[in-house]
Amino acid sequence: MKIKDIKDLLGAEVLCCEENLDNHVESACGCDLMSDVLAYVKDQAVLLTGLVNPQVVRTAEMMDMVCIVFVRSKAPTNEMLELAKESGIVIMKSERRLYEACGILYSNGLVAEAVAE
């Protein structure tokens, strides 16, 4: 799924790196615990979260994620947007709740991240 499709499905507002909306994502992760993201996310995923701090962007960068969607209309700080710009990570915000946003993406064909246990 392309990032621009995620934007449209969630009615999201793009805050950073709009030029990368044609990038493709393989899976999605809805999480507020960055330790879980580090443990379970593998590749080209979109992160949906309500957690607003710079560690979110740093974690996404470490995991080669291409997009972060802040739910519940949470807005990232200017520092977070600058970090994302440096890495080319698309930042969006949506009014949707985390559960609803994940459900919409899943029902439109974006798979959950496979977990190896």
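Which elements do the buried residues of α4 pack against? They pack against β1 (13–16), α3, β4 and β5, where contact means heavy atoms within 4.5 Å.

The model is predicted, so a few ground rules come first: local features need pLDDT of at least 70, side-chain atom pairs count only at pLDDT 80 or more, and totals for chains, interfaces and linings use all residues. Residues are numbered from 1 along each chain as its sequence is written, and side-chain values use heavy atoms, with hydrogens and water left out.

Confidence is next. The protein has a mean pLDDT of 90 (the predictor's confidence in each residue, from 0 to 100). In 92% of its residues pLDDT is 70 or more. Elements here are DSSP runs, numbered from the N terminus: helices are H or I with at least four residues, strands are E with at least two. Strand β5 (residues 90–93) has the highest mean pLDDT among the elements, at 98. Strand β6 (residues 111–112) has the lowest, at 72. Where pLDDT is low, the predicted coordinates should not be read in detail.

Now take α4 (78–87). Its buried residues are M80, L81, L83 and A84. Buried means under 20% relative accessible area, exposed over 50%, and partly exposed in between (1.4 Å probe, protein chains only). Seen down the axis of α4, the buried residues fall within an arc of 160°, so they line one face of the helix. The arc is that of the directions from the helix axis to the C-beta atoms. The face turned away from the buried side carries the exposed residues N78 and E86. Just after α4 comes G88, with a positive phi of about 75°.

Helix α1 (residues 3–10) buries I3, I6 and L10. These residues cover an arc of only 55° around the axis, which puts them on the same side of α1. An α-helix has 3.6 residues a turn, so residues three or four places apart point the same way. The buried residues of α1 pack against β3 (45–49), β4, β5 and α5 (98–107). G11 follows α1, and its phi is positive, near 60°.

Finally, look at the loops. Most residues other than glycine have a negative phi. D64 has a positive phi, near 55°, and is not a glycine. D64 sits in the loop between α3 (54–62) and β4 (67–70). S73 is not a glycine either, yet its phi is positive, about 60°. S73 lies in the loop between β4 and α4. At 38% relative accessibility, S73 counts as partly exposed.
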